[in-house]
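This report goes through one protein structure, from its loops to its strands, aromatic rings and helices. Please keep the model open while reading.

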Amino acid sequence: HFMDSQVGEVLLYYCYCEVKDPEKLCAWQKALCQHLHLTGKVRVASEGINGTVGGSKVATSLYIEVMLSQPLFKNILCQEDFKSSAGGAHCFPDLRVGVFKEIVPMGIDPKIVSYKETGIHLSPQEFHREVEQYLSQASQGQSDTILLDCRNFYESKIGHFQGCLAPDIRKFSYFPSYVDENLELFKDKRVLMYCTGGIRCERGSAYLRSKAVCREVYQLKGGIHKYLEEFPDGFYRGKLFVFDDRYAICSNEDIISACRYCGVLWDQYKLCSSQHCRQLVLTCPSCCSKGLTACCPVCQEKELKVTSRASEQTLKEECECTRRRPRVPIENVSPRMLDTGK
């Protein structure tokens with residue numbers, strides 16, 4: 001089929017708008033993706049739509065065309081809002097389109113903290129200038145700015161902006177508690193925030209602003225995706241984590257993370273080999289070949305004792321990684337910055 005050729009792309013986009021009938025939009029979206037042989041995930045809610053889909057170049061460009069002409073998104077969504085990277089339908093196991101309460105799962109009712117109250121959007125160029133200024137001030141120990149990564153720890157681990165504060169959280173729904181527990185840190189600060197494609201910042205910045213402690217809140221429009229298009233060798237170092245079978249996309253040759261077992265530079269994730277664990281692990285080929293393929297000793301043990309079905313259920317989330325990590329880390333007031341140097 002002409003739409004299934006391997007050389008395709010993956011699109012990432014979102015659009016906040018009023019959706020009167022999410023079920024209807026969901027059915028339309030599903031039919032459209034099936035028709036174009038696209039795979040991926042699309043979240044629909046009364047507050048809008050958020051999707052990442054993969055397919056052939058023919059299919060993805062048709063998809064964009066149709067999306068731009070859909071009356072609901074007509075004057076809101078534009079060509080610029082679609083971030084693309086090399087990939088295809090093979091990057092996702094299937095197509096999932098569903099109706100949710102929020103188009104990005106922060107766990108706060110959109111009626112309480114609305115995307116309409118976001119921070120100030122900065123273009124990649126403006127953000128680049130801000131980060132440059134922040135880094136030169138920080139090196140002199142006199143910055144009133146926090147460069148905040150809104151993603152999860154396993155995302156920032158393999159790539160992040162120099163000098164950023166990267167919360168040690170496992171999912172975005174812990175972000176609000178992270179802000180609550182660390183309000184002191186944000187007091188009177190200028191916050192520059194960023195995420196993968198911009199959507200987490202839309203809600204995250206609104207949440208931070210609702211606390212009324214920051215001096216100003218800015219966010220990177222189009223996320224790291226758009227920044228890397230303009231500045232492949234800028235202040236973002238390492239890979240960009242993506243939520244599909246690729247795990248990461250690369251803009252420069254930097255490797256900033258290490259193998260969990262031997263410490264050699266390594267940034268290619270694998271799923272923990274223990275049956276029920278969904279954690280990702282950085283284990284290099286040489287450690288892999290020694291059978292070191294689990295995310296932690298608990299999982300490694302569990303994998304060795306191939307246990308009876310009955311006890312499998314109780315093993316489900318017993319994982320050292322999860323147990324050891326506080327759900328919401330509390331920062332010292334001088335934030336634990338990731339290293340500023342190249």
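Asp188 is found in the loop between helix 6 (183-186) and strand 9 (190-194). Helices (H or I, at least four residues) and strands (E, at least two) are DSSP runs, numbered from the N terminus. The model is a predicted one, in which local features need pLDDT of at least 70 and side-chain atom pairs count only at pLDDT 80 or more, while totals for chains, interfaces and linings use all residues. Residues are numbered from 1 along each chain as its sequence is written, and side-chain values use heavy atoms, with hydrogens and water left out.

Most residues other than glycine have a negative phi. Asp188 has a positive phi near 60° and is not a glycine. His37, also not a glycine, has a positive phi of about 55°. The loop that holds His37 runs between helix 1 (22-35) and strand 2 (39-45). With a relative accessible area of 30%, His37 is partly exposed; buried means under 20% relative accessible area, exposed over 50%, and partly exposed in between (1.4 Å probe, protein chains only).

**The whole protein**

The protein has twelve helices and 15 strands. Of its 342 residues, 52% are buried. Contact means heavy atoms within 4.5 Å. Among contacts in the protein with a separation of 6 or more, 70% are between residues 24 or more positions apart.

**Strand 1 and its partners**

Eight of the nine residues of strand 1 are buried, so this strand is mostly covered. Two strands pair if DSSP finds at least two bridges between them. Strand 1 runs antiparallel to strand 3 (residues 48-56), and nine bridges join the two. Tyr13 has Gly51 in strand 3 as its bridge partner. Strand 1 also pairs with strand 4 in the antiparallel sense, over five bridges. There, Val10 stands opposite Ser85 in strand 4.

Four strands form an open sheet in the order 6-10-9-7, with parallel pairing. Strand 6 (120-122) and strand 7 (145-149) stand at the edges; each has a single partner strand, so one side of each lacks a neighbour in the sheet. From one strand to the next, the twist averages 25°. Three bridges join strand 6 to strand 10 (residues 216-220) in the parallel sense, and His121 stands opposite Gln219 in strand 10.

**Aromatic rings**

A pair of aromatic rings is described by the distance of the centres and the angle of the planes. Rings of Phe, Tyr and Trp (its six-membered ring) pair if their centres lie within 6.5 Å; planes under 30 degrees apart count as stacked, over 60 as edge-to-face and the rest as tilted. The structure holds 16 aromatic pairs, including the two in this table.

| Pair | Centre distance | Plane angle | Type |
|---|---|---|---|
| Tyr13 and Phe82 | 5.0 Å | 35° | tilted |
| Phe161 and Tyr236 | 5.4 Å | 80° | edge-to-face |

Which parts of the chain does the pair of Tyr13 and Phe82 link? Tyr13 is in strand 1 (residues 8-16), and Phe82 is in the loop between helix 2 (57-69) and strand 4 (83-87), 69 residues apart. Tyr13 counts as buried at 1% relative accessibility, and Phe82 is buried at 6%.

Phe161 lies in strand 8 (residues 159-161) and Tyr236 in strand 11 (residues 236-238), so this pair ties together parts that are 75 residues apart in sequence. Phe161 and Tyr236 are both buried. Together with Phe127, Tyr194, Tyr227 and Phe231, Phe161 and Tyr236 form one aromatic cluster.

Two arginines are also placed over rings. A charge sits over a ring if NZ of Lys or CZ of Arg is within 6 Å of the ring centre and within 35 degrees of the ring normal. The charged end of Arg43 is over the ring of Phe100, 3.8 Å from its centre. Arg260 lies over the face of Tyr261, 5.3 Å from the ring centre.

**Two packed helices**

Helix 3 (residues 124-139) packs against helix 8 (residues 223-230) at an angle of about 85°, with the axes 9 Å apart. Axes are lines fitted to C-alpha atoms, for helices over the stretch in contact, and angles run from 0 to 180 degrees between N-to-C directions. Helix 3 is therefore roughly perpendicular to helix 8; angles under 35 degrees count as roughly parallel, over 145 as roughly antiparallel, 65 to 115 as roughly perpendicular and the rest as oblique. Pro124, Gln125 and His128 of helix 3 make the contact with Lys226, Tyr227 and Glu230 of helix 8.
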